Amino acid sequence: MEPQIADLARTAGSTVVALMATDAWQRARERIVALWRQAQPDRADGIDGELETTHDDLLAARDAEDGSEGEQTQRELSEEWAGRMRRFLAAHPEVVEELRRILDELSPALPGNDQAMNTTIHM
């Protein structure tokens, strides 16, 4: 597999999991499920359920007393989703550009990203 696809899958995995703890989570979930529905309609509902399970796992780990457990869980979940994305992209390379667009759309909502606050309008 091309290194660029593997990098995209890693970015997608970490972005999706990071967004699970933000206000943008529902929009991110909907966009990822729609991507799956486009390429693998029979798996879309299952992916939706897996995303919700991951979301619940992440929030439970963050609510635990030990903050490092939440960080470790987030890393592990990001790796799991990177693997799912890598396999998905390998089977459906036609969605690579759409995934890139989705990530570009969602990246301003990532924790610590103040890009949305620094928008310049050119006339």
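I count a residue as buried when its relative accessible area is under 20%. The model is a predicted one.

Entry: Thr 54. I looked for this residue and found it in helix H3, which covers residues 41-63. Its relative accessibility is 4%, so I put Thr 54 down as buried. What does Thr 54 touch, leaving aside its neighbours within four places in sequence? I noted Met 20, Leu 77 and Trp 81.

Entry: negative patch. I found a surface patch of negative charge made up of Asp 56, Asp 57, Glu 76, Glu 79 and Glu 80. H3 and helix H4 (67-91) are the elements that give two or more residues to it. H4 gives the most, three residues. I checked Asp 57, which lies in helix H3. Asp 57 is partly exposed, at a relative accessible area of 39%.

Entry: salt bridges. I have ten in the structure. Arg 31 pairs with Glu 98, with the closest N and O atoms 3.6 Å apart. This pair links distant parts of the chain: Arg 31 is in helix H2 (residues 25-39) and Glu 98 in helix H5 (residues 96-106), 67 residues apart. Arg 31 is partly exposed at 24%.

Glu 98 also forms a salt bridge with Arg 101, at 2.9 Å between the closest N and O atoms. Both lie in helix H5, three residues apart, about one turn of the helix. I noted a network of salt bridges linking Arg 31, Glu 98, Arg 101 and Glu 105.

Last, I looked up Asp 45 and Arg 37, whose side chains form a salt bridge at 3.4 Å, N to O. Asp 45 is exposed at 57% relative accessibility, whereas Arg 37 is partly exposed at 40%.

Conventions: Residues numbered from 1 in each chain as written. Predicted model: local features only at pLDDT ≥ 70, side-chain atom pairs only at ≥ 80, totals over all residues. Heavy atoms only, no water. Helix = DSSP H or I, 4+ residues; strand = E, 2+ residues; numbered from the N terminus. Buried < 20%, exposed > 50% of the residue type's maximum accessible area, 1.4 Å probe, protein only. Contact = heavy atoms within 4.5 Å. Patch = residues over 30% accessible without salt bridge, like charges linked within 9 Å, V, L, I, M, F, W, Y side chains within 5 Å. Areas by Shrake-Rupley, 256 points an atom, 1.4 Å probe, with all protein chains shown as cover. Salt bridge = Lys/Arg side-chain N within 4 Å of Asp/Glu carboxyl O. Lys, Arg positive; Asp, Glu negative; His and termini not counted. Charge placed at Lys NZ, Arg CZ, Asp CG, Glu CD.
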